[in-house]
Amino acid sequence: SSSSGSGSSSSASGSSSSSSSGAYGATAASAPPAWTPERQRQLVELLQETASIALSTGPRGFVRALQGASAVAQLTQEYVQAGAVDPPERVLRKLFERLGATYIKLGQFIASSPSLFPDEYVLEFQKCLDKTDPVPFSDVKSIIEQELGKPWTEEFATIDPVPLASASVAQVHKAVLKASGKGVVLKVLKPGVEDILATDMSAVYLMSRYLEFIQPEMSRLSLTGIIGDIRSSMMDEVDFNKEAINLRAFAAFLDSQGLRNVATCPYVYPQLSSKRLMVMEKLEGVPLTDYDAIRSITSKDPEMVLVSALNTWFSSVVGCETFHADVHAGNLLALPDGRVGFIDFGIVGSISPVTWSALQTLAASIASADYETMARALATIGACDTDVDYDAFGRDLESFFVELERLNSQLTVGTDQDLRVSATVEVDQTQLNRLFLNLVRIGEKHGVRFPREFGLFLKQVLYFDRYTRILAPQLQVFTDERVNIRGLNPRARPMY
């Protein structure tokens, strides 16, 4: 997630049944449906719904249609001039990037839903860039003043007109508070984004409805339900009040657990924040993947910085209302005082008690290399539509972990005299995504389809595995007594 995300939340139930937000089933093609009075009634309802949506979007729908046609024409012209054609998944990804906010978010959904889309599309859309040209500062200033209800100069001494980041939904600016002189960050919703999302998602929703009408068997895919989930998530992302709630919940968790001495998150200024503007404390730090920078910015051992991050995040999975579901290096910072800063709570998830219990078993089986028990735990988390051969599932999991260890042994490319990583090592996103896909496909091979929300959790665990290999290659996360993964490692002693 980039700096523009806000408020998208998911919940993993660990249920064995499918739903619009969990593991979706597939279906084979069938003969066209018979034309019956019921089908006639469905068509009339669909046409009425189409007319209603068309009236609600008005001229915006026509404008977006023209913009879409223009994007297709420009991309086609570029390919003609180049005399070459990319694979379909790359063409679609480039088109989505040109179409803007809605389709970039759809691309990110594809990238995070391997149970719904082919590998080549999942991997290609991992590259979907949520970076767009910034809007003029005059427009940003106008939104800030509309949300504040007063001139911005009454609250801020300065606002840097050059954004720190610009994504499809929002852009971020540095500022200084007038009253206290403290540095803050302003996340500002780009003008017109809400209308664009509403118009685009209405069109996508109608397409899904027509597809299900033309081929009723597709309704078993819960396509309309999936689109509804995506739309809800996107509309959350244009309401910064939702992200502010996530941040305050995480802050309350840190305070209640006495973790403020090892981790923190930005303070949100509620009196200055609203649906389209969020004003936050600015945390100064370095990414968790830069070993040398961590050593230069703090006297705390980088390995213990990582242990603090692990303890905090795993505790939040079970102890907080939601957990941070996008812990890539840009969102975890090592601070000068040795604490870990968690930023950008645009994507969060939650784990149910059933899933958490299975994760406890999974962690214990990973520590003991008990692959059959690991297979049973994963089957509990996923939706099983067949009898599972746990022996065969376990053997495939063993092969997966052998490959993971082989990759880990190649990751540490440079060490100093203390056998520590001596240079920045970037996490290989493509490699991480392939690992994630491989595990998902192993599950599917044995009739286990994981809910998307478990995928969010697993992706974060893989991120932390990469950070461990960079900062503390000898650390055994599931058995080291310094790592206090609540309930997962019964031998652990808190090292806060």
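The expected span of a helix is 1.5 Å times one less than its number of residues. This rule is applied below to helix α6, which covers residues 137–148. The model is predicted. The protein has 496 residues, 50% of which count as buried, and its secondary structure comes to 16 helices and 14 strands. Of the contacts between residues at least 6 apart in sequence, 69% join residues at least 24 apart.

**Helix α6**

- Four residues of α6 are named as buried: Val 140, Ile 143, Ile 144 and Leu 148.
- Viewed along the axis of α6, these buried residues fall within an arc of 130°, and therefore line one face of the helix.
- An α-helix has 3.6 residues a turn, so residues three or four places apart point the same way.
- The partners of the buried residues of α6 are strands β2 (156–159), β4 (170–177), β5 (183–189) and β7 (277–281).
- After α6 comes Gly 149, with a positive phi near 75°.

**Helices α3 and α4**

- Helix α3 (residues 88–99) packs with helix α4 (residues 101–111) at an angle of about 140°, and their axes are 6 Å apart.
- Angles over 145 degrees count as roughly antiparallel and those from 65 to 115 as roughly perpendicular, so α3 and α4 are oblique to each other.
- On the α3 side, the contact involves Phe 96, Glu 97 and Leu 99.
- On the α4 side, it involves Ala 101, Tyr 103, Ile 104, Leu 106, Gly 107 and Ile 110.
- By class, the contact of α3 with α4 consists of 7 nonpolar residues, 1 polar and 1 charged.

**Helices α9 and α11**

- Helix α9 (residues 240–256) and helix α11 (residues 302–319) cross at roughly 105°, and their axes come within 11 Å.
- Helix α9 contributes Phe 250, Phe 253 and Leu 254 to the contact.
- Helix α11 contributes Thr 312, Ser 315, Ser 316 and Gly 319.
- The contact of α9 with α11 divides into 3 nonpolar and 4 polar residues, with no charged residue.

Technical notes
Residues are numbered from 1 along each chain as its sequence is written. This is a predicted model: local features need pLDDT of at least 70, side-chain atom pairs count only at pLDDT 80 or more; totals for chains, interfaces and linings use all residues. Side-chain values use heavy atoms; hydrogens and water are left out. Axes are lines fitted to C-alpha atoms, for helices over the stretch in contact, and angles run from 0 to 180 degrees between N-to-C directions. Helices (H or I, at least four residues) and strands (E, at least two) are DSSP runs, numbered from the N terminus. Angles under 35 degrees count as roughly parallel, over 145 as roughly antiparallel, 65 to 115 as roughly perpendicular and the rest as oblique. Contact means heavy atoms within 4.5 Å. Ala, Val, Leu, Ile, Met, Phe, Trp, Tyr, Cys and Pro count as nonpolar, Asp, Glu, Lys and Arg as charged, and the others, Gly among them, as polar. Buried means under 20% relative accessible area, exposed over 50%, partly exposed in between (1.4 Å probe, protein chains only). The arc is that of the directions from the helix axis to the C-beta atoms.
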